[in-house]
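Thank you all for coming.

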Amino acid sequence: MREVEHFIGGASVRSSSGRAADIFDPNTGQIQARVGLGGAADLDAAISAAQAAQPAWAAVNPQRRARVMFGFKQLVEAEMESLARLLASEHGKVVSDAKGDIQRGLDVVEFACGIPHLLKGDYTEGAGPGIDVYSMRQPIGIGAGITPFNFPAMIPLWMSAVAIACGNAFILKPSERDPSVPVRLAELFKAAGLPDGIFQVVHGDKEMVDAILDHPAIGAVSFVGSSDIAQYVYSRGVAAGKRVQAMGGAKNHGIVMPDADLDQTVADLCGAAFGSAGERCMALPVVVPVGADTAERLKAKLIPAIEALRVGVSTDPDAHYGPVVTADHKARIERWIQTGIDEGAEPVVDGRGFTLQGHEDGFFVGPSLFDHVTPEMSSYREEIFGPVLQIVRASSFEEAVALPSGHQYGNGVAIFTRNGDAAREFAQRVNVGMVGINVPIPVPVAYHSFGGWKRSAFGDHNQHGMEGVHFWTKVKTITQRWPGGGAVTDSSFVIPTMA
Ligand code: NAD
């Protein structure tokens with residue numbers, strides 16, 4: 001059986017704890033590998049390697065650090081096909097979507113190639129008589145990233161590319177469900193010339209996460225995962241004196257105005273609700289048609305579109321989406337479908353009981369559609385994270401704005417309309433962090449930044465873009481005066497002003 005090991009100090013290292021977890025192939029339901037689950041002793045080894053390497057890496061000029069990013073990008077591009085297949089075989093998403101996962105991460109690497117420009121400081125000449133003030137951004141030192149299963153390439157690269165380019169050492173604790181691609185990324189960074197100890201991977205579960213949160217040598221922690229864990233990570237990390245950003249779950253709404261182009265909207269909704277089996281924090285699992293007539297017209301078009309969806313194995317080039325990540329997650333999604341029915345929502349399409357011939361043990365879930373879902377239902381309030389689309393009917397624009405605004409999550413939202421005035425007002429008023437206007441999955445490009453509001457993110461800085469540069473660096477401000485000779489000035493017992 002293949003063993004996935006830590007990547008510490010530039011080499012594969014076995015976990016010292018003796019604990020391990022199974023890695024499944026969701027397409028077949030079979031165990032395909034094992035990953036060692038580490039603890040404090042493994043983390044200590046990674047910290048020692050990081051401490052040995054980081055000062056010299058921070059002293060490398062930013063242009064040379066950027067060249068490592070350029071080299072890494074080329075290596076990943078050359079290996080795109082095999083990386084995508086490895087990713088798909090552990091996650092379950094289709095190979096074309098796995099390539100998107102990797103490419104979205106490479107977009108951040110491209111952004112990080114501009115680090116010499118991004119790290120230029122501020123300078124004020126003559127802030128007072130003979131006094132200049134300048135600010136510089138210096139790396140935190142050692143940072144850690146704790147990432148979810150659903151984007152095993154993109155999210156580690158959101159964090160690591162910026163952290164490393166800024167001069168930090170970065171320790172990644174990827175999801176134990178699909179840890180192989182993160183390790184391969186670390187190997188490719190080494191091949192691109194990154195010194196050993198600057199990008200390391202330690203595997204594990206809560207035990208390793210707690211070791212990271214408590215370790216005094218780690219200055220910053222970036223987390224992405226579900227909201228309860230995000231809040232826990234945020235609280236414990238901050239209590240230990242660290243800088244923490246912790247992104248959580250989501251329940252993104254798509255508002256459909258009466259004037260929307262319904263054919264385009266239905267095409268967009270199907271991709272956004274069912275792509276990657278709904279296992280995206282920027283999936284669109286709630287659709288809010290405004291007005292009864294819009295709801296009926298939308299539903300009539302959605303049903304045949306959903307029934308035409310093709311669920312298949314990850315390597316099927318014609319499949320729209322593949323299996324979900326584990327048998328437990330499949331069972332959880334199916335329980336939510338039952339809860340929806342028990343709560344009184346109308347099951348229009350029920351995806352339970354779906355099997356794929358020849359892959360009967362795979363973790364497949366057919367697409368589901370519910371109508372007449374209401375805000376009181378727990379199946380609306382909570383994240384299902386599966387191929388389930390819920391229609392929540394609104395009678396007015398005001399009601400439609402209020403639904404995502406009042407929801408506990410505030411990651412993304414979209415509005416479908418031809419009315420620019422309504423779209424503009426919606427974008428201004430809605431209480432959500434990322435907004436799409438006729439764009440179903442408004443994931444910002446790498447040089448902007450990614451982050452939700454409310455229980456979708458704890459802490460302040462977003463991921464990547466200048467927000468990422470700010471998260472992974474601290475500001476130092478220098479006020480200087482060079483004596484020009486002449487008379488000594490008297491001591492001043494008044495707070496200095498530039499008056
Ligand atoms: P998860 O919260 O189960 O796991 C995330 C990380 O936390 C993993 O590395 C895991 O090992 C670790 N972890 C799990 N249980 C823990 C515990 N009790 N204590 C400490 N650490 C623990 O999330 P997941 O199932 O891997 O990913 C799906 C979730 O991530 C969804 O809720 C999704 O919305 C969210 N997500 C959010 C974003 C975002 O940017 N907001 C992006 C992607 C995914």
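The shell around the ligand takes at least three residues from each of two domains, domain 1 (2-248 + 456-478) and domain 2 (253-437). Please keep in mind throughout that what we are looking at is a predicted model. In that model 26 residues surround the ligand, and the closest are Pro148, Gly225, Met247, Gly249 and Cys281. If we sort the shell by class, we find eleven nonpolar residues, ten polar ones and five charged ones.

Let me turn to the two domains themselves. The domain assignment of the protein chain gives domain 1 as 2-248 together with 456-478, and domain 2 as 253-437. Their C-alpha centres lie 31 Å apart, and where the domains meet, 18 residues of domain 1 are in contact with 24 residues of domain 2. On the domain 1 side, helices α3 (80-91) and α4 (95-112) each supply at least two of the touching residues, with the largest share, three residues, coming from α3. By class, that side of domain 1 has seven nonpolar, eight polar and three charged residues.

For the chain as a whole, there is also a record to mention: an unreviewed UniProt entry carries the annotation "domain: Aldehyde dehydrogenase" over residues 15-478. Over that range the chain is 42% helix and 20% strand, and the end C-alpha atoms are 44 Å apart.

Now I would like to look at one helix in more detail, namely α10, which covers residues 262-274. Within α10, the buried residues are Thr265, Val266, Asp268, Leu269, Cys270, Ala272, Ala273 and Phe274. What covers these buried residues includes the strands β13 (253-256), β14 (286-289), β17 (388-391) and β19 (412-416), as well as the helix α11 (292-307).

If we follow the chain just beyond the end of α10, we come to Ser276, which takes a positive phi of about 55°. Ala277, which lies in the loop between α10 and β14, has a phi near 55°, again a positive value and in a residue other than glycine. Is Ala277 buried or exposed? It counts as buried, because it has 33 C-beta neighbours inside 10 Å, where 20 or more are needed.

Another positive phi, near 60°, belongs to Phe385, which is likewise a residue other than glycine. Phe385 is found in the loop between α13 (378-381) and β17, and with 24 other C-beta atoms within 10 Å, Phe385 is buried.

I will finish with a residue in a strand, Gln138, whose place is in β7 (residues 131-139). Because Gln138 has 15 C-beta neighbours inside 10 Å, it counts as partly exposed. Which residues does Gln138 touch, once we leave aside its neighbours within four places in sequence? They are Thr473, Lys474 and Lys476. By contrast, Ile8 is 130 residues away from Gln138 along the chain, and the C-alpha atoms of the two are separated by 24 Å.

Technical notes: Residues numbered from 1 in each chain as written. Predicted model: local features only at pLDDT ≥ 70, side-chain atom pairs only at ≥ 80, totals over all residues. Helix = DSSP H or I, 4+ residues; strand = E, 2+ residues; numbered from the N terminus. Expected span 1.5 Å × (residues − 1). Buried ≥ 20, exposed ≤ 12 C-beta atoms within 10 Å, placed from the backbone. Contact = placed C-beta atoms within 7 Å. UniProt positions renumbered as here; feature names shortened; annotations may be inferred. Near = placed C-beta within 6 Å. Nonpolar A, V, L, I, M, F, W, Y, C, P; charged D, E, K, R; others polar. Domains from an automatic or database assignment.
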